[in-house]
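This report describes one protein structure in terms of contacts, cores and pockets. Please look at the sequence and the structure below before reading on.

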Amino acid sequence: MKGYKVFEPDWTCRGFQYEVGKTYEKDVTPEVCKRGFHFCKQAVDCFNYYPFDPKLKVAEVIALGEIDEGEGKCCTNRIQIIREVSWEELLTIANTGDGNSGLRNSGDQNSGNWNTGDQNSGNQNTGDQN
């Protein structure tokens, strides 16, 4: 399963050191929020858990082991760090829908930040035409 993972600027996450191109494995049964390597299927979901900060690193990952899925995030016992995702690419990936501007919008024709629905302006709107 493909996904995205956020790291500190030194490529650590919760004290564990990662490197692009490497595969990591833990001898555990993965359980979201308890054990394993966490990631999100959608890049935008990563920022429910981390600040939207260009100092952080974001990578495309592949879960190669067992997978436990939770609300907005997943966990595996074997993960490969495929490549770093540039912040320019991340902004494109995270603004889903058509005609969105701002940060982290889903739906269509939203301006501002963190909007869900269609034709919203301003910040943190849910629904349509807010």
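Setting aside residues up to four places away in sequence, Y18 touches K5, F7, W11, C13, Y24, F37 and I81, where contact means heavy atoms within 4.5 Å. The model is predicted, so local features need pLDDT of at least 70 and side-chain atom pairs count only at pLDDT 80 or more, while totals for chains, interfaces and linings use all residues. Residues are numbered from 1 along each chain as its sequence is written, and side-chain values use heavy atoms, with hydrogens and water left out.

The largest nonpolar core has 13 residues, and F7, Y18 and I81 have the most contacts inside it. Such a core is a set of buried Ala, Val, Leu, Ile, Met, Phe, Trp, Tyr and Cys residues joined through side-chain atoms within 4.5 Å; buried means under 20% relative accessible area, exposed over 50%, and partly exposed in between (1.4 Å probe, protein chains only). Two or more residues of this core come from each of β5, β6 (57-63) and β9 (78-84). Strands here are DSSP runs (E, at least two residues), numbered from the N terminus. The most is given by β6, with three residues. Another core, of 11 residues, lies apart from it, and includes V6, C46, F47 and W87.

## C75

C75 is placed in strand β8 (residues 74-76). C75 has a relative accessible area of 0%, and is therefore buried. Beyond four places in sequence, C75 touches P30, E31, V32, R35, G36, F37, H38, F39, E66, I67 and D68. Between C75 and E31 there are 44 residues in sequence but 6.2 Å in space, C-alpha to C-alpha.

## T12

Strand β2 (residues 12-13) holds T12. T12 counts as buried because its relative accessible area is 14%. Its side chain makes a polar contact with the side chain of D10 (2.6 Å); a polar contact is a pair of N or O atoms within 3.5 Å, one able to donate a hydrogen and the other to accept it. Neighbours within four places aside, T12 is in contact with F7 and Q17.

## The largest pocket

The largest pocket has a volume of about 430 Å³. On a 1 Å grid, a pocket is an open set of points where a 1.4 Å probe fits, with protein on both sides within 12 Å along at least five of seven lines, and lining residues have an atom within 4 Å of a point. Of the 20 lining residues, K5, C13, R14, H38 and Y50 are the closest to the pocket's centre.

At least two lining residues come from each of β1 (2-7) and β5 (37-39). The lining divides into 12 nonpolar, two polar and six charged residues; Ala, Val, Leu, Ile, Met, Phe, Trp, Tyr, Cys and Pro count as nonpolar, Asp, Glu, Lys and Arg as charged, and the others as polar.

Conventions. Grid points are joined across faces, edges and corners, and a volume is the space filled by probe spheres set on the points. Helices (H or I, at least four residues) and strands (E, at least two) are DSSP runs, numbered from the N terminus.
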